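Student: I would like to study a protein chain step by step. Please show me the sequence and the structure.

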Amino acid sequence: MSFRLITHKDIPAYQALLHNAYQSTTQLGIHFAAATVTQSQIADHINSNAVYLFEKEGDLLSTLSIRFPWGNNPGPYGLPHLGWFATAPQYKGKGYGNALWDFVEQQILINQLKLPAVTLGTAANHPWLAQTYINRGYKKIGQANLTLDHTTLYFEKILNHKNYTEWKKRSNKQ
């Protein structure tokens with residue numbers, strides 16, 4: 001088992017993982033872009049974002065993307081924004097998604113990128129996602145009506161309080 005960045009050769013398997021994982025959300029009447037993303041859109045996504053995979057013996061188990069403020073789909077708060085989190089349905093409940101999330105938070109966001117904080121968004125009407133993020137230490141910071149089928153709730157997690165205070169001072173001066 002290993003964690004790694006996606007490559008262009010992974011696009012077909014990655015698309016299948018996303019489409020399969022997001023089927024249950026689509027059945028709830030919530031339509032996230034990842035549920036129907038094309039291979040061309042995935043290529044654009046991986047060219048301007050960091051997409052991490054959890055892989056075992058060539059199978060993609062789970063994925064999590066970091067969207068950057070300077071990328072093609074920035075988050076709304078000037079911070080890196082997590083998205084397209086998915087675990088293949090046959091691997092749900094085995095801890096693979098949590099393992100990937102922990103790796104990305106600790107090794108990439110905190111240790112490598114030294115981020116002050118990170119944001120994410122989810123559908124307000126999803127039955128359990130908001131609570132999952134709250135349980136992981138994220139706090140609700142806003143909401144927006146971006147689509148007809150759901151209100152997006154935005155969450156933030158402070159990763160380094162000192163850096164966060166400095167970032168807030170600088171961002172408020174602009």
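Student: What percentage of the residues in the protein chain is buried?

Tutor: This is a predicted model, in which local features need pLDDT of at least 70, side-chain atom pairs count only at pLDDT 80 or more, and totals for chains, interfaces and linings use all residues. Residues are numbered from 1 along each chain as its sequence is written, and side-chain values use heavy atoms, with hydrogens and water left out. Buried means under 20% relative accessible area, with a 1.4 Å probe and protein chains only. Of the 174 residues in the protein chain, the buried share is 46%.

Student: How many residues does the largest nonpolar core have?

Tutor: A nonpolar core is a set of buried Ala, Val, Leu, Ile, Met, Phe, Trp, Tyr and Cys residues joined through side-chain atoms within 4.5 Å. In the largest one, the residues with the most contacts inside it include Tyr14, Ile66, Leu82 and Leu109. The number of residues in this core is 47.

Student: Which residues are in contact with Leu109, leaving aside its neighbours within four places in sequence?

Tutor: Contact means heavy atoms within 4.5 Å. With those neighbours left aside, the partners of Leu109 are Ile66, Leu82, Val104, Lys114, Leu115, Val118 and Leu159.

Student: Among contacts between residues at least 6 apart in sequence, what percentage joins residues at least 24 apart?

Tutor: The contacts considered here are those in the protein chain between residues at least 6 apart in sequence. The share joining residues at least 24 apart is 62%.

Student: What does the C-alpha trace span along its principal axes?

Tutor: The span is taken for the C-alpha trace of the protein chain. Along the principal axes, it is about 45 × 35 × 30 Å.

Technical notes
Buried means under 20% relative accessible area, exposed over 50%, partly exposed in between (1.4 Å probe, protein chains only).
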